[in-house]
Amino acid sequence: MMVAEPGLAVLAVCLPLLYPVMALRANWHRAMCFALPLLPLPAFFLAVSSDSGWQLELPWLLNGGLWAMDDLRRLFLLLTAVLWTVAGVYAVGYLALPHMRRFCVCWGLTLAGNLGLTMAVDIGSFYSFFALMTFAGYGLIVHEGTKEAHYAGRVYMAMAVLGEMSILAGLLLAASAADSQLLTDLPTALARAPQRDLIVALLIAGFGVKAGLPLLHFWLPLAHPVAPTPASAVLSGAMIKAGLLGWLVTLPFGEVALSGWGASMVIAGAVGAIGAAILGVLQHRPKAVLAYSSISQMGLMVLMLGAALADPERAPVLFSVIGLYALHHGLAKGSLFLSAGVSLPAGRMGQVVTWILIALPGLSLAGLPFTSGALAKLAMKAGLAEDSLDFALAGYLPPLMTAGAIATLLLVLRYLWTLSAKLETGHNPPMLLAGWLAAVTASLIAFWWMPWDVAGLVKAPVWLPASYQVWALVWPMLISLALAGLALLVNQKRSSARS
Amino acid sequence: MTLEQWLPVFALMISLAASLVIFALPETGYVRRTSVNLGAAVLKLVVVIVMVWGVFHGVNYGVSFTMLPGVTFVLRADALSMMFAGLSAVLWLLTTIYAVGYLEDSPNRRRFFGFFSLCVASTMGIALAGNLFTFFLFYEMLTLSTYPLVVHRGTEKALRAGRTYLIYTLTGGAVLLFAIAWLHSLAGDLSFRDGGHFVDADPDIHRSLILIFILLVAGLGVKAALFPLHGWLPQAMVAPAPVSALLHAVAVVKAGAFGIVRVVYDVYGVEASSALGLLAPLSWLAAFTILYASTRALWQVDLKRRLAFSTISQVSYIILGIALAGPLAAVGGLVHLLHQGIMKITLFFCAGNYAETLGIHRIDEMDGAGQRMPGTSVAFTIGAFGMIGAPPLAGFITKWVMGSGALAVNMDWVILVLVGSSLLNAAYFLPIVHRLWFREVKGAWPEERHWGRLETSPWLFWPPLLTAVVTVVIGVLASLPFSPLSWAELIVLREYAP
């Protein structure tokens with residue numbers, strides 16, 4: 001297999017890069033549109049079939065290229081490939097002229113960047129793929145061409161360019177401190193670098209734009225609602241995770257205890273998790289609610305990241321949990337976004353089934369037992385258990401996680417509520433339906449099929465959580481339900497008072 | 001005399017001979033003129049490739065004559081020469097192809113192509129000059145041969161721009177001549193030499209050396225469009241697109257920058273220039289020019305004028321890289337000599353295509369042009385992203401290497417300049433890219449012409465696409481042997497370890 005895997009890796013990146021070339025033929029746009037779901041397939045096979053540990057040296061590439069795979073990268077590759085595949089299927093049913101060619105080209109370029117950055121180990125390739133994804137992503141966001149889309153695109157671009165520059169400066173300083181062009185050498189060198197705090201700040205801010213860190217998140221709730229639905233799904237499910245991956249591979253985890261940065265990240269995560277929920281429940285458009293939900297969920301991941309920065313001993317365990325959580329959230333959020341574009345069938349039974357399928361990934365986010373969310377939430381709880389962490393803020397983490405869980409379900413309920421006002425009965429294009437169903441299936445099933453034991457925190461697969469765990473999962477949900485019920489009641493009172 | 005001695009002369013003579021033949025041919029001899037032009041360009045490219053191969057393997061190409069006692073005419077090829085000569089040879093071929101299409105059916109083509117070849121011959125001479133005197137001869141020949149090209153249209157605006165151009169460049173030339181003469185009286189006839197001549201100069205002449213250096217940089221800085229000597233360049237963009245392309249990418253501005261590289265490296269030597277305290281102020285001036293010109297570019301509404309300010313900014317990268325006095329930063333500066341040339345010529349070709357095909361000159365007329373001219377617009381987009389420094393394109397390699405080099409010599413402030421310049425570049429290029437692809441066409445184009453199957457004439461269509469592909473390839477494959485980056489590393493290796 002050692003020959004096949006690097007070949008597959010090159011194919012995975014080059015296949016979507018063919019799209020700009022194919023676009024030169026004016027009448028190929030239909031074929032390009034139909035082939036969208038095929039583009040991530042090599043990457044999918046690479047993630048599923050091969051073991052980690054291969055590497056590919058490309059000495060003539062940029063400043064010397066190196067692509068490789070480890071467990072963390074494989075997780076991100078899998079998420080990226082799955083999500084882009086289902087979104088691609090969905091897009092075939094969703095897309096209509098005009099500008100289909102332009103959309104397909106931007107899709108291919110963004111995909112190539114997103115896949116490539118999960119495999120790149122040298123700084124040049126990683127940064128190139130990251131930038132490719134960022135810039136081509138603009139085309140997906142402004143595709144509809146409305147005034148709103150252009151505004152969102154402008155904000156996105158301005159913040160993205162600032163983010164890119166912050167990353168560039170950070171990587172330059174880090175590479176110079178490490179005297180190396182490989183990402184793998186950065187953490188050790190960073191831990192000892194005299195300009196450590198500056199570099200860490202630049203990298204956190206730079207990748208934070210993508211990951212929706214509070215105050216760097218402004219583009220997210222603007223861009224996600226206006227982008228075509230399949231694009232929103234990959235933006236929120238996969239591309240947002242690229243920022244997370246950027247942090248994971250560059251910051252000095254496990255090398256040195258950065259308690260100051262850890263605390264800042266925990267606070268930022270808490271503000272993101274709870275603040276986004278507060279803003280999110282005030283939104284009226286389903287996709288805007290989901291965008292805030294993404295910021296909120298990323299906040300929880302940032303929380304773990306902060307703990308990992310502060311406690312080097314615990315970092316490896318937290319890494320697995322973060323990866324797990326990212327995979328879980330990516331698949332669930334992708335399905336939720338895709339559900340925003342489906343139509344309800346006419347029959348009563350069909351409607352009920354559709355609503356259940358729409359709601360399930362959302363409930364999974366909230367930690368419904370038997371879903372990936374339950375596992376992710378339990379793993380997070382175990383990973384951040386107070387007595388296992390050597391960190392001043394450790395005592396605040398459990399209540400914060402609970403607050404996060406409440407916020408999660410509230411946002412999901414708000415999404416369902418706003419969606420119910422918008423969904424119409426009608427016919428779904430078959431590919432659109434297939435893409436959405438595949439996404440839901442992936443979110444509910446694929447996760448369990450993966451043979452992971454998350455560093456002994458949670459025995460996987462946990463088909464049935466222990467009874468005390470069920471209670472741990474359910475009580476925040478009950479609070480959210482009570483809050484939502486209250487809001488509903490107030491709303492009804494107000495509308496009856498008005499009439 | 002052996003082949004080794006004659007190859008540089010031969011390379012120079014090809015363009016010169018082409019120029020004379022073209023002047024001799026009648027105005028209507030379209031086919032013959034084009035064949036001579038293209039044939040000479042291809043032949044020269046071959047000669048230059050042979051010489052690149054030879055220089056890489058350590059062959060010394062060169063010839064010298066004594067003109068007057070103490071004044072010699074020297075042509076020779078070292079790694080730095082070949083970088084400039086290679087750029088000139090490649091871009092001459094492409095620009096000739098482009099110009100043939102661009103000037104189709106316009107008057108005075110004989111005059112145009114004659115001076116065009118003469119201009120290219122001058123750049124060849126500049127590249128191969130082996131001492132300051134020879135350099136100066138070709139440097140002035142360049143001024144005189146580009147003037148007719150700048151005023152080619154003969155409009156009042158063009159004539160005014162030409163006058164400004166002449167005033168600036170001839171004054172610069174006079175200052176340069178004075179400085180060279182002074183240096184000659186001080187130190188005799190100095191041929192260019194890796195490591196320079198003044199490493200252990202007599203402290204008594206330090207003051208004179210400093211003054212001469214300032215004069216040399218001032219004289220060369222006019223063509224290199226260093227602030228505050230850049231005023232002629234935005235005006236000169238009234239010239240036809242192929243002229244602007246050549247002026248901005250290789251001929252004039254690069255000749256200035258190349259001259260400064262020669263002075264710092266091969267006349268004074270990096271060590272001596274640095275010890276005399278000359279490089280730090282030069283780096284500040286270059287950094288200021290980078291940011292100043294980019295800021296000015298933001299306000300330009302004419303496409304070619306915006307590109308002109310962009311050139312002023314980008315050429316100063318080369319000077320900044322040299323002035324940082326570290327090997328890695330120098331690689332970043334030198335490699336930009338090629339990178340900027342390829343990227344900028346792409347952008348000017350595209351600007352010419354928009355003007356010739358759709359009659360577009362202003363940026364606000366470009367809405368939706370990507371649909372009408374996808375090939376040109378793809379090329380423009382690549383060129384623009386290259387200028388911004390987006391990876392993995394050529395401009396990124398420059399920024400990355402120069403940034404690393406600046407950090408290696410503890411000049412951390414340069415990172416701020418690089419980031420600031422990238423932001424400004426993004427601010428003035430991205431709106432254009434947005435207009436091209438994501439705005440709807442406003443109505444009829446100002447002056448649309450049709451060419452059948454392709455979006456524009458094939459002579460105009462292929463050159464920018466080709467240079468755009470090169471922009472991608474020299475970025476992505478930067479570590480291949482004979483890539484611009486590898487060649488710049490070779491030059492610096494020879495300079496720092498002579």
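What is the mean pLDDT of chain B, and what percentage of its residues reach 70 or more? The mean is 89, and 100% of the residues of chain B reach 70 or more; pLDDT is the predictor's confidence in each residue, from 0 to 100. This is a predicted model, in which local features need pLDDT of at least 70 and side-chain atom pairs count only at pLDDT 80 or more, while totals for chains, interfaces and linings use all residues. Residues are numbered from 1 along each chain as its sequence is written, and chains are lettered from A and ligands numbered from 1 in the order in which they are written. The model as a whole has an ipTM of 0.91 and a pTM of 0.92.

Let us begin with the overall build. Chain A holds 19 helices and two strands, whereas chain B holds 20 helices and two strands. Helices (H or I, at least four residues) and strands (E, at least two) are DSSP runs, numbered from the N terminus. Chain A has a radius of gyration of 22 Å, which agrees with the value near 23 Å that a compact globule of 499 residues would have. Along the principal axes, the C-alpha atoms of chain A fill a box of roughly 70 × 65 × 40 Å, and the C-alpha trace of chain B spans about 70 × 55 × 45 Å.

Now look at where the two chains meet. The contact takes 21 residues from chain B and 23 residues from chain A; two residues are in contact if their C-beta atoms, placed from the backbone, lie within 7 Å. On the side of chain B, the elements that give two or more residues are α17 (394-408) and α18 (413-438). The largest share, eight residues, comes from α18(B). This side of chain B divides into 17 nonpolar residues, four polar and no charged. Here Ala, Val, Leu, Ile, Met, Phe, Trp, Tyr, Cys and Pro count as nonpolar, Asp, Glu, Lys and Arg as charged, and the others, Gly among them, as polar.

Within chain A, follow helix α14 (residues 315-339) to helix α15 (residues 348-366): their axes come within 9 Å and cross at roughly 150°. Axes are lines fitted to C-alpha atoms, for helices over the stretch in contact, and angles run from 0 to 180 degrees between N-to-C directions. Among the residues that meet are A:H329 and A:L336 in α14(A), with A:I358 and A:L365 in α15(A). The contact divides into five nonpolar residues, five polar and no charged.

Back in chain B, strands β1 (residues 61-68) and β2 (residues 71-77) pair in the antiparallel sense over seven bridges; two strands pair if DSSP finds at least two bridges between them. B:G62 stands opposite B:R76 in β2(B). The two strands form a hairpin with two residues between them, and B:G70 in the turn has a positive phi of about 90°.

The peptide bond from B:F227 to B:P228 is cis, with omega near 0°, and B:P228 lies in the loop between α7 (206-224) and α8 (232-236). Another cis bond, also with omega near 0°, runs from B:P391 to B:P392; B:P392 sits in the loop between α16 (374-388) and α17 of chain B. Finally, B:N108 has a positive phi of about 60° although it is not a glycine, and B:N108 is found in the loop between α3 (79-102) and α4 (109-128) of chain B.

Note on methods. The radius of gyration is taken over C-alpha atoms; the globule rule is 2.2 Å times the number of residues to the power 0.38.
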